[in-house]
Each structure stands twice: as structure tokens, then as C-alpha cells.
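Subject: Structure for your review

Dear colleague,

Please find below the structure that I would like to hand over to you. My notes on what was found in it follow directly after.

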Amino acid sequence: MKDRAGGAALLYTAGGGIGDSLVSTVVAQALRKRFARVDALALPGHRATLQRVPELEDVLLDDGGNEKALAAQITAGGYDACIVTWATARAARVAALANIPVRVGQARRLYSSRFTQRVIVRSELGDVTSPWSEILLDYARALGCDAPAAVPHFVPTEADRAEADAAVDDAPFLLLHPTNAIASERGIWPTHAWAALARALVDRFATRVLVSGTAADAKIVERIVARDGVVSIAGKLGIGAFGALAQRARAFVGITTGTMHVAAAVGCPTIGIFPFQSDFPERWAPRGARTAVVRPTYRCHRGDTKESCPDYACIANLDIPRILATTQTLLTS
């Protein structure tokens, strides 16, 4: 696709989880209004996700290796501009070493002088309600680019669809995702409420429930699927096949994580569950045509974080009636 100005831009988004990288691609949508080619520079584990974003032509990798070698690779791309959405001292150095003439990044950091244009992130000014995608678009606006109300896009390949078809038959199903990145790390993730929610979804909607997760989450998921109509697919599909499966699902119901954003990006009716009082549902809500959130209701212990919580009591006390009601509303709207 050729646009009025031409040229090439680089979206440097090497950090966070796959949800962070996918949400950041709204910046690529804005950049395509001005640049004929937009590539991404991302972590190796995020490449498969970003390769399915139609606004990106290529996905380069930052594997944490030699900065000068990475900068030389970037220089060969002939980029006119670079936007760094996951700002680190390394990212600032690499973009500068690559001699990209216009480099947009975060203000108020020791390394910010390496950026030619610096953006104050609204969340640092107390904004806890703007969607993160909208906050990231401030970087693109620094270059005169915008994509108002943009939502991430994710397009599974034919191979993805074939993988999904081979894993699941044509009967209707809901997707349930009960884990996030820390679930398998500490060995204390409660599963009773998730199992009860799975049973309730089967009963309310008279359909199968496929419970997703990473390979590391498989043992957690096995404790959730102990009844007819609830099936584990944890660790059995790549991210592309998961996206293809989400396109076929009646709905995705799950904790806020990368797969929630993938489901929303393929157009699946998506219910994001935000159990932690430290969550910001307005900021991280799934972005898509048919989405909803279930907000925190269980009071955490004061000072708890996701990484330090002693018992994840909010997970053990999921508000199942509210989740069912939200799902019902979304499916009938």
C-alpha cells in the first residue's frame, strides 16, 4: 500500500507481554496514514503475534544481544522515523545508534535526550481512565499521525485455521481463560471458583467450554476441567491458531491477559475479568466491536500486588453471577 508521503517507520515495542505489543499496534495504524511501510521491532516471543497484524510489513527481533549489531540491522531498513512505545535505556540507545533521524520516545527519563521528540505519558499525570491504546497514540500524534478510536487487528493465517480445525470439531463452544503470566509461577493460584464458573457457563449457555492457557498453565487448567463439557486446550495451540479458534467461539471469558486482547482483535465477543483491586479496567479493557468488563469486587489486602499477594483471594472469590450476567448481555446485544 502506497500513501501520499511514502517512507518507512519503525515501531519499537520490545517489552511487556503479548497484550502490550498487540495494543501498541494502534500506533502502526496511525503511522500508515503517513508512511508507506511500517515494521515492528519486538521480543522474540512476540513475533508470532505481530506477524498477524496487517498494518505491519515485517517484524524484527530484539533478543537482548549486541546493541551495535542490532542498530546496524535497523540502519539497513532505511527508516525515516522510529516510535519507542516500551521505553528503556537500551531501546533509546539502539534507535540513536541506528541513526534514525526522527526518534519519538518517553519524556522524563535519564535516557530521554536520545529521542528527538519526547512525549509525556498521560498516566504519569494521574490519568487512570484513558485506554492504553489512546495513550500510546500520543506518540504517533507527535509526528502528525492519528487513528482515532483505533482497535488492534489480528488476522490468523490459513495454516492457523487448519491447526484450530484439527484441534476442535465444529460444535459450538465458549473460551474460558483462567490464568495470567504469574499464575504458574508461585504455585498458589486458586482454581475452585474457575471450575465453578466453567460449570456455570456450560449450564447457562448449553455449550462446551474450552479452557485455554500456556503449556506452563496446563496443570492449573487440569484442576478446572473435571466435568463433562469442559475441555482443556492449554498449551495445545500456537497464538495464531488460538486467534482462529477465537473467531469461531461464541465468546471469550477470561482474566485480563494477552489472549483477551487477541480474542477482541479477531472480533470475538470478549468479556475481560479484572479481579485485582490494583487493575485499571478502563485502561486495559479489551478493545473491539463487542467487548465488556467485569470489575473488581473482592477487597484485596492493603498493599497487595499481583506479584506479592499471599493467597489470591480475589481469584478464589470470583463474582460468578456478575460474570454470567455480563456474558449473557454481550451475547444477546
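Predicted model: local features only at pLDDT ≥ 70, side-chain atom pairs only at ≥ 80, totals over all residues.

A residue is called buried when its relative accessible area is under 20%.

Helix H10 covers residues 239–248, and eight of its ten residues are buried, so the helix is largely enclosed by the rest of the structure. The buried residues are Ile239, Gly240, Ala241, Phe242, Gly243, Ala244, Leu245 and Ala246.

Aromatic rings come next. A pair of such rings is described by the distance of the centres and the angle of the planes. The count in this protein comes to five aromatic pairs. In one of them, the ring centres of Tyr111 and Phe115 lie 6.4 Å apart and the planes stand at 85°, so this pair is edge-to-face. Tyr111 has a relative accessible area of 16% and is therefore buried, given the cut-off of 20%. Phe115 is buried as well, with a value of 1%.

Phe242 and Phe252 also form an edge-to-face pair, with 6.3 Å from centre to centre and 90° between the planes. This pair links distant parts of the chain: Phe242 belongs to helix H10 and Phe252 to strand E10 (residues 252–255), ten residues apart. Both Phe242 and Phe252 are buried.

Two further findings involve aromatic residues. Trp189, Phe276 and Tyr312 form one aromatic cluster. Arg283 lies over the face of Phe280, at 4.7 Å from the ring centre.

Turning to the strands, E11 (residues 270–273) and E12 pair in the parallel sense over four bridges. Within this pairing, Ile271 stands opposite Ala292 in E12.

Finally, some values for the whole protein. The protein contains 14 helices and twelve strands. For 333 residues, a compact globule would have a radius of gyration near 20 Å, and the protein agrees with this at 20 Å. The C-alpha trace spans about 60 × 45 × 40 Å along its principal axes. Of the 333 residues, 54% count as buried. Among contacts between residues at least 6 apart in sequence, 61% join residues at least 24 apart. The accessible surface comes to about 14,000 Å², and 52% of that belongs to carbon and sulfur atoms.

Yours sincerely,
A colleague

Methods: Residues numbered from 1 in each chain as written. Heavy atoms only, no water. Pairing = 2+ DSSP bridges. Helix = DSSP H or I, 4+ residues; strand = E, 2+ residues; numbered from the N terminus. Buried < 20%, exposed > 50% of the residue type's maximum accessible area, 1.4 Å probe, protein only. Phe/Tyr/Trp six-rings, centres within 6.5 Å; stacked < 30°, edge-to-face > 60°. Lys NZ or Arg CZ within 6 Å of the ring centre and 35° of its normal. Rg over C-alpha atoms; globule rule 2.2 N^0.38 Å. Contact = heavy atoms within 4.5 Å. Areas by Shrake-Rupley, 256 points an atom, 1.4 Å probe, with all protein chains shown as cover.
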